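Here's a quick briefing on the side-chain contacts in this one. Have the structure open and follow along.

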Amino acid sequence: MSSPTDPTDLGRPDFGRPDPVSDRGDTVCVIGAGASGLTAVKNLREAGFGVDCYERETGVGGAWNWRHDRSPVYASTHLISSRPFTQFPDFPMPDDWPDYPHHSQLLSYFERYADHFDLRQYVWFGTEVVRVEPVEGDRWDVTTRSTGGYGPERTSRYAAVVLANGHNWSPKLPRYEGLAEFRGEVMHASSYKDPAQLRGKRVLVVGAGNTGCDIAVEAAQQASHCWHSTRRGYWYAPKFVLGRPADQVNDTLLALRVPLRVRQWLYHMTLRLTVGDLTRFGLPKPDHRVYETHPIANSQLVYYVGHGEITPVPDVARFDDRTVELTDGRRIDPELVVFATGYLPRFEFMQGRVLGDEDGSGRPRLWLNAFTAGHPTLAVVGLVQPDSGIFAISHWQSALFARLLTLRATRPDRVAAFDRRVRAGLGERYSAKVKDSTRHWFEVGHADYLRALQRAWYELEAGVNGGQPR
């Protein structure tokens, strides 16, 4: 079993630089100690691998630790998937927690998880990864330094790498004519932390994802006026249906293999009986069927629209120095504009082509959103946008990768077959038809995805198409 070595034992890359690379043997490198990184460390350790995990911050939790610089979490953040469908399968959340826990409870959950499985000893805190490069023999040179760029760079050679650095930290900023001349305050939702930032101001929130809706609801309570700009109409799902969390009701239908069309009909009927026609509130009619975009779980947005505290408006056309022109010709005069326009995945320490990003769009080309062709010792964990919780998915992704690495020594033929399956499966989707936008690059239906992951496991154990159950 391996654990982090003394930093003085580590050198820098040997491509043209004098210091040698420190060979870590069969140790696996995990990048990030958030939810996905922690479960990767645990599953790799249980499979017998040495692990070095690098975390740029000073604690575990990743995005759910709102003290971290890159955390998108704000004061009122709660889960949008319910507790049983979010927790790790081998570490349940406390029964007395609410259906939708607060972000502070999530952080304590990860801290307990790390302590229960004794994971902190394998994490290098305050250490950022600056470069990851493939070398001969499917191994990897990983160059690190202290967060903030202080101190020397150090390079270690690893048998495998897990990328678990998250995908909700690099803001996606829109471009609008005249935005640079606008004299009001402009911020991305990644900088939003507390409703005090909205208090007494005329606020325009741009974006109808879950974060945009949350901020609009808080602006309805704190701002002097709130406009909410959306490009299209959306379906706003209540968090509770029939007295239960909505995702639990939906999962019951999935377990019964109810066809998508029937589930869509039931969803529309539920909304018709509870909310009614959204267009009568001034909200645009959705241009898609339910389940074709990422679900927006918010029970309060329609309430505040119905009470006149939020004014729905269409997309922004352009800015001038003091006003914003909308696509319907109206002009509004916000003091603060909040762009809740999402995030883009970034693997700033690795060349895009390694992950199949040949066109420079930033979108990796992966099978199961985890595996890339030609690199059997590399996996991405947690790069999914499910219709339920993500932690169980990250658990099974990393468990599958640990099994793949184990079989490299004993059954290389199965690993080769797995790589062929990766090449054949690039671009597969695991959800209903969804909109073609960056927001839906990693959209998965959790039931379809977990079945696909289970099939991949059977194929790895028995060989491709080796009689596994379908």
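Val 262 is partly exposed, because its relative accessible area is 37%. Its place is in helix α5, residues 260-274. Bear in mind that this is a predicted model.

**Surface patch**

- Val 262 teams up with Trp 265 and Leu 266 in a nonpolar patch on the surface. Together, these residues have about 270 Å² of accessible area.

**Salt bridges**

- The structure holds 30 salt bridges. As background, side chains of opposite charge can pair when their charged atoms come close.
- Take Arg 139 and Asp 23: their closest N and O atoms are 2.5 Å apart, and they form a salt bridge. Arg 139 belongs to strand β6 (residues 139-146) and Asp 23 to strand β1 (residues 22-23), so this pair ties together parts that are 116 residues apart in sequence.
- Glu 153 counts as partly exposed with 23% relative accessibility, and Arg 145 counts as partly exposed with 25%.
- Another salt bridge brings the side chains of Arg 318 and Glu 177 together, at 3.5 Å from N to O. Arg 318 is in strand β17 (residues 316-319), while Glu 177 is in the loop between β8 (160-163) and β9 (185-188), so the pair ties together parts that are 141 residues apart in sequence.
- For Arg 318, the relative accessible area is 30%, which means partly exposed. Glu 177 has 52% relative accessibility and counts as exposed.
- There's a network here, too: salt bridges with shared partners join Arg 56, Glu 57, Glu 128, Arg 131, Glu 133, Arg 145 and Glu 153.

**Aromatic rings**

- The count of aromatic pairs comes to 27. One of them is Phe 88 with Tyr 109: the ring centres are 5.9 Å apart and the planes are at 20°, so the pair is stacked.
- Phe 88 counts as buried, with 1% relative accessibility. Tyr 109 is buried as well, with a relative accessible area of 1%.
- Both rings belong to one aromatic cluster, made up of Phe 88, Phe 91, Trp 97, Tyr 109, Phe 110, Tyr 113, Phe 117 and Phe 391.

**Charges over rings**

- Arg 70 has its charged end over the ring of Trp 169, 3.8 Å from the ring's centre.
- Lys 239 places its charged end over the ring of Tyr 100, and here the distance to the centre is 4.5 Å.

**Cysteines**

- How many disulfides are there? The count comes to zero.
- A disulfide would need the sulfur atoms within 2.5 Å.
- Cys 213 is buried, with 0% relative accessible area. Cys 226 counts as buried too, at 0% relative accessibility.

Methods. Residues are numbered from 1 along each chain as its sequence is written. This is a predicted model: local features need pLDDT of at least 70, side-chain atom pairs count only at pLDDT 80 or more; totals for chains, interfaces and linings use all residues. Side-chain values use heavy atoms; hydrogens and water are left out. Buried means under 20% relative accessible area, exposed over 50%, partly exposed in between (1.4 Å probe, protein chains only). Patches are made of residues with over 30% relative accessible area and no salt bridge: like charges are joined within 9 Å, nonpolar side chains (Val, Leu, Ile, Met, Phe, Trp, Tyr) within 5 Å. Accessible areas come from the Shrake-Rupley method with a 1.4 Å probe; for residues, only the protein chains shown count as cover. A salt bridge is a side-chain nitrogen of Lys or Arg within 4 Å of a carboxyl oxygen of Asp or Glu. Helices (H or I, at least four residues) and strands (E, at least two) are DSSP runs, numbered from the N terminus. Rings of Phe, Tyr and Trp (its six-membered ring) pair if their centres lie within 6.5 Å; planes under 30 degrees apart count as stacked, over 60 as edge-to-face and the rest as tilted. A charge sits over a ring if NZ of Lys or CZ of Arg is within 6 Å of the ring centre and within 35 degrees of the ring normal.
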